[in-house]
Amino acid sequence: MNVIPCHIPGLLLLEPRVFEDARGYFFESWNRARFREAGIDCDFVQDNESKSVFGVLRGLHYQAAPYTQAKLVRVLSGRVWDVAVDIRRGSPTFGRHFGVELSAENRRQLFIPRGFAHGFAILSREAVFAYKCDNPYMPSHERGIAFDDPDLAIDWQVRPDAWILSDKDRRNPPFRRAEYLEDGL
């Protein structure tokens, strides 16, 4: 596995070693020992999967303490633009974001530690997105940030007239009014 540190400390882009032949392919998407060696020491407790069509934009989501979540995200089919925003108060990269294309073809995974808001936009006709979380979903602690906040200036790689959003994501507060996290905890 190739581990690529991102410009925001804690975020890791992971490229698995893929074995391909005439039958298809095989790779390890999760191996506790190998991931621990790469600096990812999480006890993942929940797996989630979503299917969406082109233009769907989900985010920016996170959970407040004590239910903050680290996530390991990947795409099973299609292509997405995946974004993580540093919301760790006191972090030198507070308020900065990282975006990357994840696809079934490139098989990349992004590790997002606690202390980040997360979102993604569908770039292909449809996509299946999967992720592991180290804390369960807790509706009472769910939070969000406006995906289109001009202070964040995120390029979602999809034309605004094609965006498909939930009512909840349309109502998220701007970054300046968000509930930040203390060092991700």
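Which residue forms a salt bridge with D86, and how far apart are the closest N and O atoms? The legends below take up this pair and two others.

This is a predicted model, in which local features need pLDDT of at least 70 and side-chain atom pairs count only at pLDDT 80 or more, while totals for chains, interfaces and linings use all residues. Residues are numbered from 1 along each chain as its sequence is written, and side-chain values use heavy atoms, with hydrogens and water left out.

**View 1. The salt bridge of D86 and R88.** The partner of D86 is R88, and the closest N and O atoms of the two lie 2.9 Å apart; a salt bridge here is a side-chain nitrogen of Lys or Arg within 4 Å of a carboxyl oxygen of Asp or Glu. Both D86 and R88 are buried, that is, under 20% relative accessible area, where exposed means over 50% and partly exposed in between (1.4 Å probe, protein chains only).

**View 2. The salt bridge of E101 and R79.** The side chains of E101 and R79 meet at 3.0 Å, N to O. Because E101 belongs to strand β10 (residues 97–103) and R79 to strand β8 (residues 79–86), the pair ties together parts that are 22 residues apart in sequence; strands are DSSP runs (E, at least two residues), numbered from the N terminus. E101 is partly exposed at 28% relative accessible area, and R79 is partly exposed at 34%.

**View 3. The salt bridge of K51 and E126.** Here the side chains of K51 and E126 meet at 3.5 Å, N to O. The pair links distant parts of the chain, with K51 in strand β5 (residues 46–53) and E126 in strand β13 (residues 126–133), 75 residues apart. K51 counts as exposed at 54% relative accessibility, whereas E126 counts as partly exposed at 28%.

How values were computed:
Helix = DSSP H or I, 4+ residues; strand = E, 2+ residues; numbered from the N terminus.
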